[in-house]
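Please keep the sequence and the model in view while reading.

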Amino acid sequence: MDKPTYVIGHKNPDTDSICSAIAYAHLKNQITDNRYEARRAGQVNNETKYVLDRFGVEAPELISDVGTQIRDVAIKKIDGIKSGISLKKAWKMMKDTSNSTLPVTLDGKLEGIISVNDIATANMDIYETRILALSKTPYRNILDTLEGTMVVGDEDGYVEDGKILIGAANPDLMEDYIEKGDILITGNRFESHLCAIEMNAGCIVVCMGAPVSKTIKKLAMQNNCRIISTPYETYMAARMINQSTPIRYFMRKENIVSFMEDDYISDMKETVAKIRHRDFPVLDKSGNYCGMLSRRSLINMNRKKIILVDHNEKSQAVDGIEEAEIMEIIDHHRLGNLETLAPVYFRNQPLGCTATIIYQLYTELGVEVDKKIAGLLCSAILSDTLMFRSPTCTALDKMAAESLAAIAEINMDDHAEKMFRAGSSLQDKSTEEIFYQDYKKFTSNGIKFGAGQITSLDGEELAVLKSKILPFMETACRNSSTDMMFFMLTDVIRESTELLFVGENAKAIVEQAFGEKAEESSIVMKNIVSRKKQLIPKLINAMQE
């Protein structure tokens with residue numbers, strides 16, 4: 001099945017980011033034959049968790065990086081071979097499949113690899129006449145390599161000892177160099193056969209399909225000497241018999257460069273560049289072999305396909321976005337600095353919430369909004385517009401929320417209060433989690449800054465929170481590349497915000513942005529509740545002046 005397109009919001013996702021991703025993926029699945037799946041780029045906050053639980057929807061799966069992984073590349077599905085097969089059989093498999101490297105596996109696990117170079121080394125650089133005994137070569141391998149038949153003896157079993165000899169000398173000389181367990185390659189020579197049996201040879205290879213006398217067969221059987229008949233003449237038999245050696249003797253078992261399916265291409269490129277192998281084994285999470293990665297396959301990589309919702313700035317996007325293929329962007333923020341490889345569908349409207357745009361798309365395309373999706377979209381609008389109190393809220397947002405509330409069969413006032421109270425419940429969160437749960441990064445005029453926000457119905461809770469957040473911000477700013485950090489403590493009931501700030505020149509920037517005197521690290525601002533419309537634009541203007 002084709003890989004899905006992921007619909008994903010920004011890092012540190014809020015309710016709009018999560019709910020819009022779920023709803024838009026659902027819409028795309030209704031109107032196309034392709035597969036779309038919602039994902040999240042960070043942890044779900046308490047408010048969003050309440051909304052998902054309220055409407056019985058599971059949180060999208062976390063995806064922390066959308067860079068190209070090995071699983072996105074065409075992995076060659078080369079079956080693993082057993083370590084006992086012969087060099088000849090492995091070579092034939094390489095020729096038949098045009099593969100220069102074969103994986104050797106046992107019960108799905110990678111034991112080693114054998115390459116063309118390994119087989120060439122075995123044929124050209126090995127002069128050991130005892131190679132069959134040293135490698136415990138199965139007699140079945142010898143029969144297969146020489147296309148022979150077992151005239152006397154059992155086809156099962158292994159070469160345990162002895163060397164390979166050619167019976168070209170007369171029997172008197174042969175007695176001096178034939179030892180117990182040797183393999184004698186010879187023709188139709190009765191005396192040579194007899195001498196080999198008397199000297200306790202392990203096997204006689206009779207070439208050119210020559211007949212073997214009944215006497216020799218009987219003596220061989222009595223002395224546990226195998227006799228193999230091959231159609232090859234003596235030279236060819238002697239040349240080929242080493243190819244019956246099992247590949248386990250020559251395969252590479254240690255220091256094998258392999259990769260996991262989840263490894264990122266950007267992380268492995270340096271390794272591949274240093275090692276001049278053509279193919280590399282790929283393993284799954286359990287360590288099971290699943291295919292071979294060729295250097296050539298890295299040329300044509302299948303980038304992950306992504307639809308971005310509720311953001312269009314690289315600093316807010318999931319890691320690895322520069323390696324992904326952005327297909328669409330649905331957003332309601334200012335234009336950011338994302339670049340795409342090709343033209344994309346980009347819908348950006350000055351509304352209070354991305355979910356309002358998603359609802360518009362459902363309506364425009366004539367797709368019915370079911371009860372769950374309506375509940376999610378309505379919740380997102382209530383969250384992003386602070387129950388229509390935010391200056392970013394438009395008449396379209398309010399109309400969309402009212403229509404969705406009717407479909408979801410919810411009372412907006414009651415639902416919003418429960419949702420906000422769930423979101424402002426911070427008892428189970430650390431200061432770091434609170435600070436980063438709705439934190440976004442920005443860059444303006446060479447200045448890197450970040451801004452977070454927490455909304456609450458309880459002013460006393462915000463006052464307590466201030467004493468925890470401010471020291472954390474000072475440490476976080478010193479230990480990062482960020483020049484300034486801002487944090488909005490927003491009181492939904494009073495429609496006001498206490499803005500905390502740290503960093504060199506942060507106080508001057510705030511005073512210039514809002515035209516008011518600030519305390520050492522904070523300022524109280526009435527009728528300021530929107531980070532997107534009331535805070536960020538003014539900060540950026542002040543930084544650019």
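Lys285 forms a salt bridge (a side-chain nitrogen of Lys or Arg within 4 Å of a carboxyl oxygen of Asp or Glu) with Asp262, and the closest N and O atoms are 3.9 Å apart. Lys285 lies in the loop between strand S12 (279-283) and strand S13 (289-294), while Asp262 lies in the loop between strand S11 (259-260) and helix H11 (265-274), so the pair ties together parts that are 23 residues apart in sequence. Here helices (H or I, at least four residues) and strands (E, at least two) are DSSP runs, numbered from the N terminus.

Lys285 counts as exposed, at 72% relative accessibility, whereas Asp262 is partly exposed, at 25%; buried means under 20% relative accessible area, exposed over 50%, and partly exposed in between, with a 1.4 Å probe and protein chains only.

## How to read the model

This is a predicted model, in which local features need pLDDT of at least 70 and side-chain atom pairs count only at pLDDT 80 or more, while totals for chains, interfaces and linings use all residues. Residues are numbered from 1 along each chain as its sequence is written, and side-chain values use heavy atoms, leaving out hydrogens and water.

The structure holds 28 salt bridges. One of them joins Arg39 to Glu61, with the closest N and O atoms 3.7 Å apart. Arg39 lies in strand S2 (residues 36-40) and Glu61 in strand S3 (residues 61-62), so this pair ties together parts that are 22 residues apart in sequence.

Arg39 is buried, with a relative accessible area of 10%. A network of salt bridges links Arg35, Glu37, Arg39 and Glu61.
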